[in-house]
Structures are given as C-alpha cells and as structure tokens.
Amino acid sequence: MSEEPRTIAAIATAPGRGAVAVVRVSGPDAFAICERLSGRAPEPGRIAVRTLRRGGATIDRCVVLAFASPCSYTGEDVVEFQCHGGSVTPGRILEACFAEGARLARRGEFTERAFVNGRMDLIEAEGVIELVDAKTVRAADDALSRQGGAASKIYRAIYESVLLLSASLEHALDVDEGELPPDFLASAKESAESAKSKIERALAHAREGHILRDGALVVLAGPPNAGKSSLMNALLGTSRAIVSPVPGTTRDSIEEWLDIGGWPVRLVDTAGLRGTADEIEAEGVRRAGELMAKADVVLALDCEVEGAVRIHSKCDLSREDGALNVSSVTGEGLDGLRAAIVLALSRLAAGFDETAPTPSAREKSLLTEAQSALSAEMDDIVLAANSVRNAADALGRLVGAVYSDDLLDAVFSRFCVGK
C-alpha cells in the first residue's frame, strides 16, 4: 500500500432495513477504539455484549467480536460490532469510530490488507469477490475452491518452476559456456516446454471461468411468432416478455439471469428475424444478429442456425422431426431443453473438471503472456534467459509475488466498501 497503515472502519453489511448490521474495524487502534466506545477492552476469541456510548449518549447495545493480529481476516487487530440493522444505528457507530481516529476504508481495503499481510495471495483474494458475485451454486463452489487456494497451488507451482529455470539461465550468462553441461540448453528448453504445457492446460478452462463469472450468453432466435417470448417466460417461470399474436412485438433484446443446471445464464429474447421496412424493428433485427454472433449458445426456434440448438416450440399443436420439441403452454420438453443447454455449455467449458483452475480474465491475460514468452526463440542462452525472465515476471504478477499499486487498485476496486 502507498500509505502508512492506519485503522480503518466500514459497514460490512448491505445498506437498508435488516435485523443485524456489522461495522468492521481493522488496524493498530481497533482494540483501543472498542475500549473507548464500550468502556472495556475487547477479549479476542470471546463473544461479548457491550453497550456503546459516545459523549455519554448510548448508541446501541451490540455483540462485540475481537480478533488479535495475526490471526484475523486482515492479519491486523480486528473488531466487529454486530449491531441493530437499518441505516441509523450502524451509521452512528461508524461515525463514533471516525471520531476515535479511524478512517473510512476504501473499496476492498480489508481484503487488500489481508493480501499485503500474507493472509492470502492475489488469486485467493479474487476468489473472495467472485464468491460475493456468484449467481449459482456452481459459481460459488468454484469461488470457494479458489479462495481455499486450489488455483493458487497450481499457478504457484508453475511460477516457481519458471523462476527456478530463470535463475539457472541467469547464472549461465555469468559463466563461460564451456563450463556448462553439454545438454544445458536442451534441458532448459525441455523445462520451458513442460511449464508451457501446464499453462496450456490451465488456459483450456478459461471459457468455463468466463461462463461462471460473467454468465453464459444464451440467445433465443427465430422468425416472428415462433414462440421466443413465450419460451423465455416459461424458462423464467414469470411473464417477463410481452407475448402477442401480432408479429414484431419484440423490437429490442430482453435479458434476464437464471440458473440452469448450476450454470449462470444470461437468457436473451430477440426481435424476430425477418426483413422489414420498419426502422425500429430493423434495428432490433440487426441487434439480434449481433447477439447471435456473440452467443455461447443459440436456441433457434423454427429456423436453421449453424451450431444452434434447434427447437420446435409449439409441440402441443404439432411436432417436428430433427428438432427439440418444446411447449411453453404445457411445459413439455422444457427439462430436455435445460439439459441441452447444460450439455452445450459443458462442451464449451471443456467438461466438468473441478480440480482444474478456471482462469479469470486477468489470469488468462497473464497466462497467455507467459505462454507466449516461453514459445519464443530458445536456441540461444541470451534469448532463452530473456524469454524465461519475461514469463516469470508475468506469472509473478499472476500470483501476486510481484505487484504494484496500480495492480492492487485494479483488483480491489471491484470490491465493495467493508470487504
């Protein structure tokens, strides 16, 4: 961090009406602030009920939890006031903490301090925000795995092997080539190839990481009155899209989140595909085409789209061979459609290997940078040393062994205040 550590405080729970709110304080003065507000020093490891006062006026009677450094979330002395919810009481406690010398925490600063103090690495820290943002059980499980260090273990092993190779090559630059083993460069190239293959295996699961974090884009496409809006409503279990027998009712895309077999899905209803003189509808058709081009899965209703899941959406009226017969009226075929979406996503995501890390966009970029460096010219010791050094630098930034204020800002600005 760019400034000297100070005691920070923030409300750690979402704003609004609720039974309980949590005000979190971390830093060298956390225990002293608690003592001045409650009249007694906190006891780490013990739950206490204390009355908080400021200037002789009672603020609240709340539960106090204290965690002594280094055995806390941030690695510093931490106090949490579990007070009554709402907007007034936690706000008053926070103001009292400020009056006693604390300052408002920045976004993600509690987790940033945990990283800086060695309580977690950068991959584990990113798992925290991914768990908060998870929209399905599968996404939450993946975030928990990352937060628990599963991905870090794999990435750090790659980093350490490349770092060792880099040190070996740097040493080779300082000695006479005649003093090196005859197979030195061949052995170095073999080690680089081994690291590169491990990076390639990690990158194979980048699509799954994208889907779990950002949601799979699943687009309903087809001509007007094919039943796209009705099918969207049936999958959502609510009347989200307007259904009408009049062609061209849907002129713009409508998007909703849902969980299909543990996969977070962004389901999008689009304008009916047809030529039209209506300027607004034509724009909707153009946007539908753009969405289809970007989609992870296209559900093609009564039309042919290459690579799409082909659907006949009114099987209560008629059936069609070679298509998935679905009825939004009776619900027939909906489970089969969900299974088809899951199958399509699992193929895109390289299967269900839960032991493999699922790189985030940041991790994918750095892994690709390292992979490219290790793919460079390795037939000369100087060139090899430079390439492996660049790969080690990228992997060091990946795991947080090498970092800057800009990198920390980019990672922790995604967090909310209080986390």
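**Close-up 1: Ala-221 of β7 and its partner in β10.** Ala-221 has Ala-300 as its bridge partner in β10. The two strands, β7 and β10, run parallel and share 4 bridges (strands pair if DSSP finds at least two bridges between them; strands are DSSP E runs of at least two residues and helices H or I runs of at least four, numbered from the N terminus). This is a predicted model, where local features need pLDDT of at least 70 and side-chain atom pairs count only at pLDDT 80 or more, while totals for chains, interfaces and linings use all residues. Residues are numbered from 1 along each chain as its sequence is written, and side-chain values use heavy atoms, leaving out hydrogens and water.

**Close-up 2: β7 with both faces covered.** On one side sit Ala-216, Val-218 and Leu-220, on the other Leu-217, Val-219 and Ala-221, all buried (under 20% relative accessible area, with exposed over 50% and partly exposed in between; 1.4 Å probe, protein chains only). β7 also runs parallel to β9, joined by 5 bridges, and Val-219 has Val-268 as its bridge partner there.

**Close-up 3: the whole open sheet.** Its 6 strands go β8-β9-β7-β10-β11-β12, with mixed pairing. β8 (254–260) and β12 (324–325) are the edges: each has a single partner strand, so one side of each lacks a neighbour in the sheet. Helix α8 (206–214) packs on the sheet, touching β7, β8 and β9 (contact means heavy atoms within 4.5 Å).

**Close-up 4: Thr-358 in its loop.** Thr-358 lies between α11 (334–348) and α12 (361–374). Its relative accessibility is 1%, so Thr-358 counts as buried. Leaving aside residues up to four places away in sequence, its contacts include Asp-142, His-205 and Glu-363.

Note on methods: Axes fitted to C-alpha atoms, helices over the stretch in contact; angles between N-to-C directions.
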